[in-house]
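Let's take a walk through this structure together. Have the sequence and the 3D view open as you read.

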Amino acid sequence: MISGLQKLTSRHTVRTMSLPAPLAALSRDDLGKLVLAQQHQIAELTAKVEALQAEVERLQREGQRPAAPFSKGTRVAAPKKPGRKPGKGLFRYRAAPERAPLPVSPIEDPVTLNACPACGGRLVAAGIEMASTTDLPEAVRPHVRQFRVAVSRCRACGQRVRGAHPDLALDQYGATAHRVGDRVMASAHVLHYGIGVPLRRVPAVLRELTGMQVTQSALTQDAQRRAAGSVGTVYEQLRARVPQAAAVHTDDTGWRVGGEPAYLMAFETAAATVYQVRARHRNEEVREVVPAEYAGVLVTDRGRSYDAIELAGVRQQKCLAHIQRTLSEVLARQHGKVRAFGSQLKGLFRQAIDLWHAYHQGKRSGFAAQAQQLQHVITHHLRDRPLKDPDNRRLLNELGWHHDRGNLLRFLDDPRVEPTNNRAERALRPAVIARKVSQCSKNARGAQAFAAFTSVVRTLAKTSTESTVEGLLHVFRSAKMSDASAEACHQSR
């Protein structure tokens, strides 16, 4: 944009007019000529300014302007105040970490002044206040351990037998005798798959914070290898646990594998988060995780994949937030009496959601009666009848079909079911943010590694009491112990 303006200004130079003599010495005729010349120059400059404005608008239309992403050009009239809202959590002072070791004795900080700095009065002791500061060590450096691995050879068959330490790989010798430890890899994978740091930035973060040297290709190869091993095993266990949950929230978003369009699907339960990348999003892909005989409640949007005949036996709850958004879009296009259908339905759904929230806030008296009354009113409103407006007819047909199957107000029959699909949308949000800078997956192995690691890391962050890095490290080491036991059994034979 700046270079374009520089080119414009270089083409449109401004010539200043010099006076032939002082104004007092000019005659009437000379003054008239000067006025005419100045008017001509003003007209010329005005035309150049208009040409510059037109050229700037053209450059802006072509996209050669400073990028200001995510701005829609409008401001909220009454923005919310920052910070935690009243009633949304416990307000308290920051506490020191529980696991941080405290010094044997606190650092003394006495009052060194002899008199009051405000008035000069005499100071007397008034008590002790405790304060603390949590910080990082001055320098964190890699910890290198060297192993003396004993090697034996069988006299009978010549079999080579090495010492089997749990922190050493079975093939860790020769050119690969020195390797990066599991804690480094677990930290790197949590940074990428858990926190969302781009993979090309992870080596720089590790080097800056710990002095550890690791390459991007090493992280990629380690992720693909573990996705086919220990992490992949845990990933399959998580997939098997999803159908056991009382409720599953699912949603999908666009993805790419090798530049080809694909879908990233999320399945969120109270105890697990599972992702999978597939080329298509049909009921077949949904049934890979949520089978047709699923006994719980499937919370979804109004995607057609979930309305397939194969999933007809699965109880569902359609996201009312999506429905409310659709009603708002339709109402924005309507005028007059035709708005009554959508406006009344939107208000009824709002009452149902508010009633569900009141139940979970402890106001459970009369919930069943109010829920039954709301269901009766909504059933009457969604009864089959002719409507002139095409948008209203479409909404009545779709929402009435779902309501007849109990997919709209199931959360009033069972308050444990949530009325919206916000859980699945929040599960997809980190991947949507990462998609902007990662260009998704380069191949099928990368897509599988992304799905496996992201599922395991997010599940650990949600269910593990220890840090996510320690949880992932436990997954790595459990697989190593199993491999070592298997090798020992093989050698004993």
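Which residues of H9 are buried? Here buried means under 20% relative accessible area, with over 50% called exposed and anything in between partly exposed (1.4 Å probe, protein chains only). The buried ones are Phe 341, Gly 342, Leu 345, Leu 348, Phe 349, Ala 352, Ile 353, Leu 355, Trp 356, Ala 358 and Tyr 359.

A quick word on the ground rules. This is a predicted model, where local features need pLDDT of at least 70 and side-chain atom pairs count only at pLDDT 80 or more, while totals for chains, interfaces and linings use all residues. Residues are numbered from 1 along each chain as its sequence is written, and side-chain values use heavy atoms, leaving out hydrogens and water.

Back to H9, which covers residues 339–360. Helices are DSSP runs (H or I, at least four residues), as are strands (E, at least two), numbered from the N terminus. The expected span of a helix is 1.5 Å times one less than its number of residues. Covering its buried residues are, among others, helices H8 (320–333), H10 (367–381), H11 (390–404) and H12 (410–413), where contact means heavy atoms within 4.5 Å. After H9 comes Gly 362, with a positive phi near 100 degrees.

To count, NZ of Lys or CZ of Arg must be within 6 Å of the ring centre and within 35 degrees of the ring normal. Arg 226 does likewise over the ring of Phe 476, at 3.8 Å from its centre.

The whole structure has 4 aromatic pairs; rings of Phe, Tyr and Trp (its six-membered ring) pair if their centres lie within 6.5 Å, with planes under 30 degrees apart stacked, over 60 edge-to-face and the rest tilted. Tyr 193 and Phe 450 have ring centres 6.3 Å apart and planes at 55 degrees, so they are tilted. This pair ties helix H3 (residues 182–195) to helix H14 (residues 444–463), across 257 residues. Tyr 193 also pairs with Phe 453, at 5.0 Å and 20 degrees, so that pair is stacked. Tyr 193 and Phe 453 are both buried. Ring pairs join Tyr 193, Trp 255, Phe 450 and Phe 453 into a cluster.
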